[in-house]
Structure formats: C-alpha cells, structure tokens
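Please walk me through this model in a viewer, one selection at a time. I would like to know what to select next and what is found there.

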Amino acid sequence: MTRGEPGGIRGSGKPLTVEERLYADETRPDAVSHLGVSDPSRCPGCAGKECVRTCPAETYRWSDEEGRLTIRFENCLECGTCRLVCPHANITWRYPMGGMGICYRYG
Ligand code: SF4
Ligand code: SF4
C-alpha cells in the first residue's frame, strides 16, 4: 500500500488505527436529529437493545434508571446498521441535510 491510498500508510510508516482514521473525519451536526425512534414504548421490552450494542459510534445509550433510550445523533457515522438490526423496525433514519453530517477523509 502507498501513501494516500485508502487503507494506506502515512509518512511515519505506521498504518493508522481505526480510531486515528475516525478522528480525521469531520462532522457537521445538523440542528435537528436525523435519527429517531418511532415507538419509544417498545424499547424497555427490547431484550437485545441491538441499536446500543451494534452502533460503532455509541450513538444510542440505554438508561436503566430513566428507562429510556437516548440518541446522540451528532456521533452518527451514517453506516445504516441501526435501522437494519432493530428487531422492531423502530428506528427512523434519514441522511442529514445536504452538507451536514459526517465527512470522511480517506488515506
Ligand atoms: S433495538 Fe429498536 S426496539 Fe430495541 S432499544 Fe433499539 S430502537 Fe428500541
Ligand atoms: S447509522 Fe451507524 S453510526 Fe449512525 S447511529 Fe446507526 S449504527 Fe450508529
């Protein structure tokens, strides 16, 4: 692999870690959430809390004390995983407005 190539090597000769790659990305949060839950009353009874367990950006958090899900949409990497894994098809998902959201920087 060469420098500048996706998955490549920087000048130091060391491959970048996933965390270093994510840190290089830029996020422009929208004013309103592009993620939501259509029926929050289903979440307390959801055994797996798949959205919490699978989101790579820890966008979803479950609070036992409050008995509810919180969504930190600013973290979202727009991978789409959460809308696929929710067993109740309970997640509303759209892309952020044009120019907002995650901006990936490769290399
Ligand atoms: S996976 Fe779906 S039903 Fe379960 S906690 Fe997440 S949004 Fe709620
Ligand atoms: S789209 Fe991906 S990064 Fe965004 S909230 Fe869903 S699982 Fe997390």
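Start with Pro 56, which is exposed because its relative accessible area is 53%, over the 50% cut-off. The model is a predicted one. Pro 56 belongs to the loop that joins α2 (50-54) to β3 (60-63).

**The whole chain**

Zoom out and switch to a cartoon view. The protein has 107 residues, and 29% of them count as buried. There are 3 helices and 6 strands in the protein. Followed from the N terminus, the elements come in the order α-β-β-α-β-β-α-β-β.

**Ligand 1**

Which residues surround ligand 1? Select ligand 1 and show its neighbours: Cys 43, Cys 46, Lys 49, Glu 50, Cys 51, Leu 69, Cys 86, Pro 87, His 88, Asn 90 and Ile 91. By class, this shell has 7 nonpolar, 2 polar and 2 charged residues.

Ligand 1 sits in the largest cavity. The volume of the largest cavity is about 110 Å³. Its lining includes Val 37, Cys 43, Lys 49, His 88 and Ile 91. Sorted by class, the lining of the largest cavity comes to 8 nonpolar, 2 polar and 2 charged residues.

Stay here and pick Cys 46, one of the residues around ligand 1. Is Cys 46 buried or exposed? Cys 46 counts as buried, because its relative accessibility of 10% is under the 20% cut-off.

**Ligand 2**

Move on to ligand 2. Of the 13 residues around ligand 2, those that come nearest are Cys 55, Cys 76, Cys 79, Gly 80 and Cys 82. The shell around ligand 2 divides into 9 nonpolar, 3 polar and 1 charged.

Ligand 2 takes up the space of the second largest cavity, for which the volume is about 80 Å³. This cavity has a lining of 13 residues, and Cys 55, Cys 76, Cys 79, Gly 80 and Cys 82 lie nearest its centre. By class, the lining of the second largest cavity has 9 nonpolar, 3 polar and 1 charged. How many cavities of 30 Å³ or more are there? The count comes to 3.

**Cysteines**

How many disulfides does the structure hold? The structure holds 0 disulfides. While the cysteines are selected, click on Cys 103. With a relative accessible area of 28%, Cys 103 is partly exposed, because this value falls between the 20% and 50% cut-offs.

**Two residues with positive phi**

Go to Glu 78, in the loop between β4 (68-71) and α3 (81-85). Glu 78 is not a glycine, yet it has a positive phi of about 60°. Its relative accessibility is 18%, under the 20% cut-off, so Glu 78 counts as buried.

Then go to Ala 89, in the loop between α3 and β5 (91-93). Ala 89 is also not a glycine and has a positive phi of about 45°. Is Ala 89 buried or exposed? Ala 89 is exposed, because its relative accessible area of 62% is over the 50% cut-off.

**Two contacts across the sequence**

Select Ser 33, which lies in the loop between β1 (26-28) and β2 (35-37). Ser 33 has a relative accessible area of 30%, so it is partly exposed, as the value falls between 20% and 50%.

The last stop is Gly 101, in strand β6 (residues 101-103). Gly 101 counts as buried, because 8% relative accessibility is under the 20% cut-off. Gly 101 and Phe 73 are 28 residues apart in sequence, and from C-alpha to C-alpha they are 9.2 Å apart in space.

Notes:
Residues are numbered from 1 along each chain as its sequence is written. Chains are lettered from A and ligands numbered from 1 in the order in which they are written. This is a predicted model: local features need pLDDT of at least 70, side-chain atom pairs count only at pLDDT 80 or more; totals for chains, interfaces and linings use all residues. Side-chain values use heavy atoms; hydrogens and water are left out. A residue is near a molecule or strand if one of its heavy atoms lies within 4 Å of it. On a 1 Å grid over the protein atoms alone, a cavity is a set of points where a 1.4 Å probe fits but cannot get out, and a pocket is an open set with protein on both sides within 12 Å along at least five of seven lines; lining residues have an atom within 4 Å of a point. A molecule sits in a cavity or pocket if more than half of its atoms lie within 2 Å of its grid points. Ala, Val, Leu, Ile, Met, Phe, Trp, Tyr, Cys and Pro count as nonpolar, Asp, Glu, Lys and Arg as charged, and the others, Gly among them, as polar. A disulfide is a pair of cysteine sulfur atoms within 2.5 Å. Buried means under 20% relative accessible area, exposed over 50%, partly exposed in between (1.4 Å probe, protein chains only). Grid points are joined across faces, edges and corners, and a volume is the space filled by probe spheres set on the points. Helices (H or I, at least four residues) and strands (E, at least two) are DSSP runs, numbered from the N terminus.
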